[in-house]
Amino acid sequence: MFSWFQSKKTSTVTPPPNEGAPVKTAPVKTVNGGWGQKMGGALANLFGTHTTVDTYFFDELEDTLLLADVGVSTATRWVDGLKNQSWKSTSAVQEALAQSIEAQLLALQKPITFDPAKLSLVMVTGVNGAGKTTFIGKLAHRLKNEGHRVVIGAGDTFRAAAVEQLAVWATRAEATLVSKPNGDPAAVAYEAIDVAKHSNASVIILDTAGRLQNQINLMNELKKIDGVIAKQLPVGSQRVNWLVLDATTGQNGLQQASVFTQSLPLHGIVLTKLDGTAKGGVVLSIADELKLPVQWVGVGESIEDLIPFEPKAFARSLCGLRDS
Ligand SMILES: Nc1nc2c(ncn2[C@@H]2O[C@H](COP(=O)(O)OP(=O)(O)OP(=O)(O)O)[C@@H](O)[C@H]2O)c(=O)[nH]1
Ligand SMILES: [Mg+2]
């Protein structure tokens with residue numbers, strides 16, 4: 001394998017330090033701390049301080065949902081639906097709200113699994129600083145622990161520092177890194193697929209440069225990368241395009257997502273930085289308006305801080321309830 005790696009003149013292929021060692025199958029460490037301490041606090045407080053179900057309570061509920069970044073149309077629809085029923089207590093409203101949110105999110109959920117016997121390629125996109133590279137490190141680590149051989153493609157070729165940052169994550173996650181300084185991101189995708197095929201890897205994760213939704217050329221570049229992947233990836237491989245959204249940007253994320261879907265078919269959202277915000281409600285707007293499932297949640301900066309999205313746990317936490 002090394003002679004083939006060395007024959008690649010224009011790109012750099014960095015195998016993980018322990019290349020050739022037996023694959024670890026240790027279970028992934030459980031993430032502590034759940035969704036982040038801020039989420040659900042305001043709703044828990046509202047339900048805890050109101051005992052009477054009246055117009056004032058519903059007004060407060062709507063305001064609190066808006067503050068959690070649920071979005072105007074979604075919040076209004078939830079609250080109008082609740083107002084039209086009779087309630088014995090505010091805690092009954094709290095339970096019903098959590099159950100409705102869970103049902104709506106569950107209806108959209110399409111779990112994506114990675115089969116070690118087949119090649120998968122995940123393209124990770126999003127605006128600048130959303131948390132793409134950090135997510136890739138966390139995901140690579142998780143997949144590696146599940147027994148996958150992971151190749152990471154450094155598709156952010158604009159900044160040398162971007163490759164360096166990704167190289168640190170690739171080393172931590174024990175993944176192979178394919179980079180092409182100042183190269184074309186589509187060429188990086190091409191080479192990453194080539195390396196994966198020759199090294200019998202099961203997952204390729206492709207980083208991309210951060211781009212704003214109004215940068216037409218950069219948005220078109222995503223289409224080009226996507227086209228190269230379609231041609232180069234073996235028939236029967238799994239293709240996944242995920243958009244990374246920073247939860248702290250709230251409703252702005254919704255706008256970003258709608259523009260990215262015009263350039264690329266998206267299979268889901270990675271919601272990062274939920275540990276630093278009470279605005280987790282944006283998940284509901286994304287579900288409502290874009291019909292996209294959230295697949296992963298980032299809850300910190302370290303390699304273990306990644307949680308697979310679970311509608312029930314999320315809905316209960318958002319409503320200030322314990323996960324029963
Ligand atoms: N608190 C917290 N910080 C995060 C999380 N994910 C990423 N970050 C931080 O967010 C900052 C940006 O993360 P990157 O992974 O570099 O984001 P990016 O999207 O790759 O950025 P560009 O490549 O510049 O577009 C870094 O300081 C990360 O440590 C998270 O889940 N929680
Ligand atoms: Mg990055």
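The following conversation walks through a predicted model of a protein chain with a ligand.

Colleague: Before anything else, how are residues, chains and ligands numbered or lettered here?
Modeller: Residues count from 1 along each chain as its sequence is written, while chains are lettered from A and ligands numbered from 1 in the order in which they are written. This is a predicted model, in which local features need pLDDT of at least 70, side-chain atom pairs count only at pLDDT 80 or more, and totals for chains, interfaces and linings use all residues.

Colleague: How many helices and strands does the protein chain have?
Modeller: There are twelve helices and nine strands in the protein chain. Helices (H or I, at least four residues) and strands (E, at least two) are DSSP runs, numbered from the N terminus.

Colleague: And what share of the residues is buried?
Modeller: Of the 324 residues in the protein chain, 46% are buried. A residue is buried if 20 or more other C-beta atoms lie within 10 Å of its own, exposed if 12 or fewer, and partly exposed in between, with C-beta atoms placed from the backbone.

Colleague: What percentage of the contacts comes from residues 24 or more positions apart?
Modeller: Among contacts with a separation of 6 or more, 78% join residues 24 or more positions apart. Two residues are in contact if their C-beta atoms, placed from the backbone, lie within 7 Å.

Colleague: On to the sheet: what is the order of its strands?
Modeller: The nine strands form an open sheet with mixed pairing, in the order E1-E4-E3-E5-E2-E6-E7-E8-E9. Two strands pair if DSSP finds at least two bridges between them.

Colleague: Which strands are at the edges?
Modeller: Strand E1 (12–14) and strand E9 (306–308) are the edge strands, each pairing on one side only. From one strand to the next, the twist averages 20 degrees.

Colleague: Which helix packs on the sheet and touches E1?
Modeller: That is helix H7 (residues 160–173), which also touches strand E3 (150–155), strand E4 (176–179) and E5. The direction of H7 makes about 175 degrees with that of E3. Axes are lines fitted to C-alpha atoms, for helices over the stretch in contact, and angles run from 0 to 180 degrees between N-to-C directions.

Colleague: What are the bridge partners of Met 123?
Modeller: Met 123 has Leu 206 as its bridge partner in E5 and Asn 241 as its bridge partner in E6. Strand E2 (residues 120–125) runs parallel to strand E5 (residues 203–208), with four bridges between them. E2 also runs parallel to E6, joined by six bridges.

Colleague: How many bridges join E6 to E7, and how many join E7 to E8?
Modeller: Five bridges join E6 to E7, which run parallel, and three join E7 to E8, again in the parallel sense. Leu 243 has Ile 269 as its partner in E7, and Leu 271 stands opposite Val 297 in E8.

Colleague: How many residues of E8 are buried?
Modeller: Five of the five residues of E8 are buried, so the strand is largely enclosed by the rest of the structure.

Colleague: Turning to helix H10, which of its residues are buried?
Modeller: In H10 (residues 251–263), they are Gly 253, Gln 256, Ala 257 and Phe 260. Seen down the helix axis, these fall within an arc of 100 degrees, so they line one face of H10. The arc is that of the directions from the helix axis to the C-beta atoms. Gln 255 and Gln 262, on the other side of H10, are exposed.

Colleague: What covers the buried residues of H10?
Modeller: The cover includes E2, strand E6 (238–246), strand E7 (268–272) and helix H11 (282–290).

Colleague: Is Asp 69 buried or exposed?
Modeller: Asp 69 is buried, because 25 other C-beta atoms lie within 10 Å. This residue is in the loop between helix H3 (55–67) and H4, and has a positive phi of about 70 degrees although it is not a glycine.

Colleague: Where is Lys 291 placed?
Modeller: Lys 291 is in the loop between H11 and strand E8 (294–298). Lys 291 is exposed, with 10 other C-beta atoms within 10 Å.

Colleague: Finally, how many residues surround ligand 1?
Modeller: The number is 20, and the closest are Gly 131, Thr 133, Thr 134, Gly 210 and Gly 298. A residue is near a molecule or strand if its C-beta atom, placed from the backbone, lies within 6 Å of it. Helix H6 (residues 132–145) gives the most to this shell, with three residues.
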